[in-house]
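Welcome, and thanks for taking a look at this one. Here is a short tour, grouped by topic, to read alongside the coordinates.

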Amino acid sequence: MLFKNLFNKGSKDNGGSRGVLSFKTPRDHEHVALLQISSAIKSQKDISAVFEIIGRESARCLNASRATVFLADVGKGALKAQFTYSPDPAEEKIGLQEEKDFSRKPLADKRPLLLKDSKDFAEFGKSDEKERKTTSFMSVPFGFQGKIAGTLSVSMFNGKKGFSQRDLEFLAIFANHVSIAMQNQYLLEEVRKAGSLRKNYEQHLDDLMGQLQGLSNEERRRIDDHIAKLLSGFSDDRRQPIRPGEEGENDRGNGSIRLAGEMTFEDAPNLTEKVQVEIEAGALRGAGDLGRATVFIPTANPRDLGEQFFLKIYLAEGQQLELPSKVIFSNKYGKESENLRRGMGIKFLALPPELEKQVGDYLKSLPIQPDGEGQEPSPPPL
């Protein structure tokens, strides 16, 4: 507001009878232009508005017929005009493709381009027979995140005097402000994303606390046991693969049995997610208490604590078992490490005793993998 009042305040000494400060030199105009641009960036204006101010002021300060901000489409290798300004509206779009062709060279060379007069246009094969001719041209590439992102270009039509080296240096100042504006917008977006992630994380913790209060004592015991394993680093659970004859049938270690499976949710019954299912082998000793076994599903998108779904497990010879399941442990937002993988622990909600024994006996017959090894599950049988 202070700057605004300063430049709008008139006086008798400076001819300000209309309330506007008069500038007698081009340098005064340049100072005002740079002030407007830096103020727009500082006030966090939308990037399109900053492009507009930079394009307009660069054309005015350099007495150019047109100024254009081009952004590069890296995937397609193309340039796209983001903003174009011309003091004469009739010249705002005429010959824009020609200007784009000129701007490809500084983009490819990664350095500014200055075409002072008609002789410099020879390498582009430009004809001088047009009624409206581009007699001088400048383009400065600008970068973002360590890569060339586009160019700021200005053209002069039918001019008797071309741009100078000083003009090119001044245009580079405007192009630098484009880079600053893009970086500033990127950082603002990152701050917003971080704030949103923190909000979601805090909400997730609140939900966890509320759901933990509704768990049964048995479910809490299972979670405590699972967390105790993670904190101990599985030091007591890591076992080498069982070799025939080395251990008895009921002394099988605490490794994991891994099967292929699919998750299906009631809110989207037509969508399934293929997963790997890891079942703790230690709970299958003796009678094979599958209901008490720790079941873990590694996934990049674990569900919330307490959420229920159907888990289809593929057995041998084309057999499959569909079980209602419930999430009792979820590493949705926590830091992933060797002993705390992204995923969720589940329990089976209902399994008839005879079916539980049948499945338990089948699982006991399978080879056991030591915990922590990333072996892929076998594909579902056809």
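Arg 192 is partly exposed, at a relative accessible area of 48%. Glu 189 is partly exposed as well, at 36%, and the two side chains meet in a salt bridge with an N to O distance of 2.9 Å. Please keep in mind that this is a predicted model.

**Salt bridges**
- The structure holds 11 salt bridges.
- Arg 192 and Glu 189 sit 3 residues apart in helix H5, so about one helical turn separates them.
- In an α-helix, residues three or four places apart point the same way because there are 3.6 residues a turn.
- Lys 274 and Glu 262 form another salt bridge, at 2.7 Å from N to O; this pair links distant parts of the chain, with Lys 274 in strand E7 (residues 268-280) and Glu 262 in strand E6 (residues 256-265), 12 residues apart.
- Within that pair, Lys 274 counts as exposed at 62% relative accessibility, whereas Glu 262 is buried at 9%.
- Glu 307 and Arg 303 pair at 3.1 Å, N to O; Glu 307 is partly exposed at 23%, and Arg 303 is partly exposed at 25%.
- A network of salt bridges links Arg 56, Glu 57 and Arg 60.

**Helix H3**
- H3 has 15 residues and spans 21 Å from its first C-alpha to its last, close to the expected 21 Å.
- Because 11 of its 15 residues are buried, H3 is largely enclosed by the rest of the structure.
- The buried residues of H3 include Phe 51 and Ile 54, and also the charged-network members Arg 56 and Glu 57.
- At the N-terminal end, Asp 46 caps H3, with a side-chain oxygen 3.0 Å from the backbone nitrogen of Ser 48.
- Just after H3, Asn 63 adopts a positive phi of about 50°.

**Nonpolar cores**
- The largest nonpolar core has 35 residues, and Phe 51, Met 138 and Phe 142 are among those with the most contacts inside it.
- Helices H2, H3 and H5 and strands E1, E2, E4 and E5 each supply at least two residues of this core; H5 gives the most, with 8 residues.
- A second, separate core of 23 residues includes Phe 265, Met 344, Phe 348 and Val 359.

**Confidence**
- The protein chain has a mean pLDDT of 75, and 70% of its residues reach 70 or more.
- The pLDDT is below 50 over residues 1-23, a stretch with 19 contacts beyond near neighbours in sequence.
- Residues 234-253 also have pLDDT below 50, with 32 such contacts.

Terms used:
Residues numbered from 1 in each chain as written. Predicted model: local features only at pLDDT ≥ 70, side-chain atom pairs only at ≥ 80, totals over all residues. Heavy atoms only, no water. pLDDT = per-residue confidence, 0-100. Contact = heavy atoms within 4.5 Å. Core = buried A, V, L, I, M, F, W, Y, C linked by side-chain atoms within 4.5 Å. Buried < 20%, exposed > 50% of the residue type's maximum accessible area, 1.4 Å probe, protein only. Helix = DSSP H or I, 4+ residues; strand = E, 2+ residues; numbered from the N terminus. Expected span 1.5 Å × (residues − 1). Polar contact = N/O pair within 3.5 Å; in protein donor to acceptor, adjacent residues only side chain to side chain. Salt bridge = Lys/Arg side-chain N within 4 Å of Asp/Glu carboxyl O.
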